[in-house]
Amino acid sequence: KEHGRIVAMVGAFPQDFMAGEQRLHALGIGTVSVNPYHRGKGYMQALMRQAMEDGAANGIHFAYLGGHRQRYEYYGFTRTGFTMEIKFNADNIKAMADPGEGYTFAPLGQVDASVLRAVSAVHDARYFHAVRPSDRFAEQCLSFGGEPYAVFHRERPVGYLCAVPGERTISECYVENLGQLPQVTSAFYRAQQFGPGNIKVTVHPDQTQAMPGFTAVCETVRWNHSRNFAVLDYPRVLQAMLTLAGQQRRLPDAALTVAIEGEPCNLMISAKDGVGTVTSTDASADWHLTRLEALRRLFSLESMPAAHPLLPLPLFMLRADDV
């Protein structure tokens, strides 16, 4: 403040994530702003530094934000993680061998409490997910222009999706059988929820079961970074993402030792018999990385095609959990 008036602000919003039985503490950074008449005084730098120092002191494992990449790399964030954007048109939908018969949809705001609990349970059954209280699940899905729907199969609730009509996008869709996501997309398209025209579906790294059905008929596939991330606790985040990777594909027997700037010891990322582990080690490092390089090399598109058989690790988050 200057003279009792707010001239700059940074919002730091705690958000917990579950990685199996392990709870990860995250920090969403938003509302980063400085009054135009007070820029150049170092306020944003001071507030961002304070937010990250407070986060570290309070046991935050990772942080995330939107905004321009270079603006926030100074504070340890960079674009990393990955998602896939699948584009469909009417001809693609017609080409599906299984058009998704029996799927129907209802706005989450219009379903009863038992349906809401059922679709919330589908979300919470995922290995890696944000903690969304079931009584606020529908409200959180409204973030960033989302319109959430319950997904039914032959009148039984089997999941949910978040549509963004202004962008003709399904930003989030989880059902009990992830292999059925292409059929759910087809049914949603044919229900004319968006009207005629192309639509896009965001597919996340924990939905690999759906990819063969999508890529067999879609018009295009595009890989995107997920968000700007900063990792404060590398051992925990690496272990969570390595375990998630092992649920999506069989991990090959391999090992990679990394020295990351600021970490007290080297970390060995390894897999044996399909089980991934991250351990501290005195062994010499295969890679020496700054904190920004670690984000890019371990989690991002820079490791595609893989610079190492265990990479990239699937760090990501859903749009509705952003700030």
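Tutor: Helices (H or I, at least four residues) and strands (E, at least two) are DSSP runs, numbered from the N terminus. This is a predicted model, where local features need pLDDT of at least 70, side-chain atom pairs count only at pLDDT 80 or more, and totals for chains, interfaces and linings use all residues. Residues are numbered from 1 along each chain as its sequence is written, and side-chain values use heavy atoms, leaving out hydrogens and water.

Student: Where is Arg168 found?

Tutor: Arg168 sits in the loop between S9 and strand S10 (169–175). Most residues other than glycine have a negative phi. Arg168, however, has a positive phi near 50 degrees.

Student: What is the relative accessible area of Arg168?

Tutor: The value is 22%, so Arg168 is partly exposed. Buried means under 20% relative accessible area, exposed over 50%, and partly exposed in between (1.4 Å probe, protein chains only).

Student: Which order do the strands of the open sheet have?

Tutor: Strands of a sheet pair through backbone hydrogen bonds, either parallel or antiparallel. Two strands count as paired if DSSP finds at least two bridges between them. Here six strands form an open sheet in the order S4-S13-S3-S2-S1-S7, with mixed pairing. Strand S4 (78–80) and strand S7 (128–130) are at the edges with a single partner strand each, so one side of each has no neighbour in the sheet.

Student: How many bridges link S2 and S3?

Tutor: Strand S2 (residues 22–34) and strand S3 (residues 62–65) pair in the parallel sense over four bridges. Ile29 has Leu65 in S3 as its bridge partner.
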